[in-house]
Number of protein chains: 2
Amino acid sequence: MLHTERHATGADRGPDAVVETILDLAAGLAGKARAGGLTPVAVGVTVPGVVDEVAGVAAWSANVGFRDVPLRDLVSARLALPAALGHDVRAGGLAEARLGSGRDFRHVLFVAIGTGIAAAHVVDGQGFAGAHGAAGELGHIVVRPGGTPCGCGARGHLEAEASAAGVSRRYAALAGSPATAAEVVARAAAGDAVAIQVWTETVEVLADGLVTAQTLYDTEAMVLGGGLAEAGDALLAPLGVAIRERLTFQREPILVRAALGDEAGCVGAALLALDARP
Amino acid sequence: MLHTERHATGADRGPDAVVETILDLAAGLAGKARAGGLTPVAVGVTVPGVVDEVAGVAAWSANVGFRDVPLRDLVSARLALPAALGHDVRAGGLAEARLGSGRDFRHVLFVAIGTGIAAAHVVDGQGFAGAHGAAGELGHIVVRPGGTPCGCGARGHLEAEASAAGVSRRYAALAGSPATAAEVVARAAAGDAVAIQVWTETVEVLADGLVTAQTLYDTEAMVLGGGLAEAGDALLAPLGVAIRERLTFQREPILVRAALGDEAGCVGAALLALDARP
């Protein structure tokens, strides 16, 4: 990683403005690289939502408002370079599987547990996008029928019950005072009864979701990333026990913490760009 | 299909005797083919349970009692032919995807709903077995937490709630008299209130399971086979409605009925054998 920039998405400006910002940023990065004596050979862009990687189209995004934006071709035309468009979590999973904590395994499920929950299934270093670019939406499987309303409109989804936002919300409802997920983890470790209850329930719900994923994907290793995974052993140790309790004949996945942090998506975008070179 | 034979598994005789029967049958089929002027070029065998297709090992089966049986090499040695070992449902899915109802689609999930429930995920004509040969165990995801005990030891699994056996059991419990799943479907169509209730609940539970599968796999088409799928439109029509009600941003899968019936597994075994030729 030679150079990193962070810019706000500014989604409130609408999807067209976000696309312009992405194009300006990509052109600016290419210009800086050339000014530094480097030769850009390809561009990788990753975005959230439903992404058709084959067509290079950002098909849908709740947060950014994308609706069928041909982002790959827009980037390629603007920079006059080969380009690849990817899904943020799937690209992060690709990076973790090829270069990060999954590098010793052939069948990897990368699970990002942060504000939302999503997964990327990577086999032999190739990410699996599904028929419409919507595979791996682990945050939107029902784990508590009739449970907490989810941002997508359904109820009882894993993301609504056990994301970092869900942990924070549940603690606030029970304790009557706000706390981030990280604070809930710290308070649970310090013996706070409400925090212990919320964290225990969260681990149980996550185990339910990951066992469903294991039953369908039969992974070798699950690489846990996103904000909630920063709890480290406070998450992985009880989660491993809870998963083991739920498995009957299914094979147990090896649980590991992600290695690349919040740069996994950027590294994955670069891998997609390299794969896209003619 | 030139010749078909059906023989009882005789699982009560133990796994060694079942293996001997399989070897005898395969040798007998090859002999009959040669006697008829044909030249066998490869053998395909499919079995239920956890099957390691790469190693050619029947790793585990509740029904037959297999524990790490190197069935591919045993068959190959006995017949002096190249051999392939596959999983019965995954092989059936391969056949449906390549030659049956899935042949017009690239991303297919074959779902066998009979005494048990299992699925096979096939993309571009290649079946996906998972890291340990246990992928696609759709019957063993939890759809009703704390619900009906499943044969595997857990509770509330799709197979326990909505297999043909589950339908029959539920009807008997509510109506006080036994009925097969097919009879429940017929009685529901004829207006029997208990049968309507059981069938409606079954469709709801199946929709819950298939929506979870769609959320993780993002299939293009789901091919429904097994005994319960013989209900035809009495299953597919309400199931399609129930799936649609549950989807939020996920793409809707096309539902189709399997075309190859209970010979899908045999056709799939032949496809695996052809793929295994040197």
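Modeller: Let's start with charges: between domain 1 of chain A and domain 2 of chain A the count is 0 salt bridges, a salt bridge being a side-chain nitrogen of Lys or Arg within 4 Å of a carboxyl oxygen of Asp or Glu. Keep in mind that this is a predicted model, where local features need pLDDT of at least 70, side-chain atom pairs count only at pLDDT 80 or more, and totals for chains, interfaces and linings use all residues. Side-chain values use heavy atoms, with hydrogens and water left out; residues are numbered from 1 along each chain as its sequence is written, and chains are lettered from A in the order in which they are written.

Polar contacts do turn up: 2 residue pairs across this interface, both at pLDDT 80 or more. Such a contact is a pair of N or O atoms within 3.5 Å; within protein, one must be able to donate a hydrogen and the other to accept it, and residues adjacent in sequence count only if both atoms are side-chain atoms.

On the domain 1 side, β2 (50-52) and α3 (88-98) of chain A each bring at least two residues to the touching face; strands (E, at least two residues) and helices (H or I, at least four) are DSSP runs numbered from the N terminus.

As for area, the two domains of chain A bury about 720 Å² between them, 61% of it on carbon and sulfur atoms; that is accessible area (1.4 Å probe) lost on being put together, summed over both parts. V50(A), V89(A) and R90(A) lose the most in domain 1, together 72% of what that side buries.
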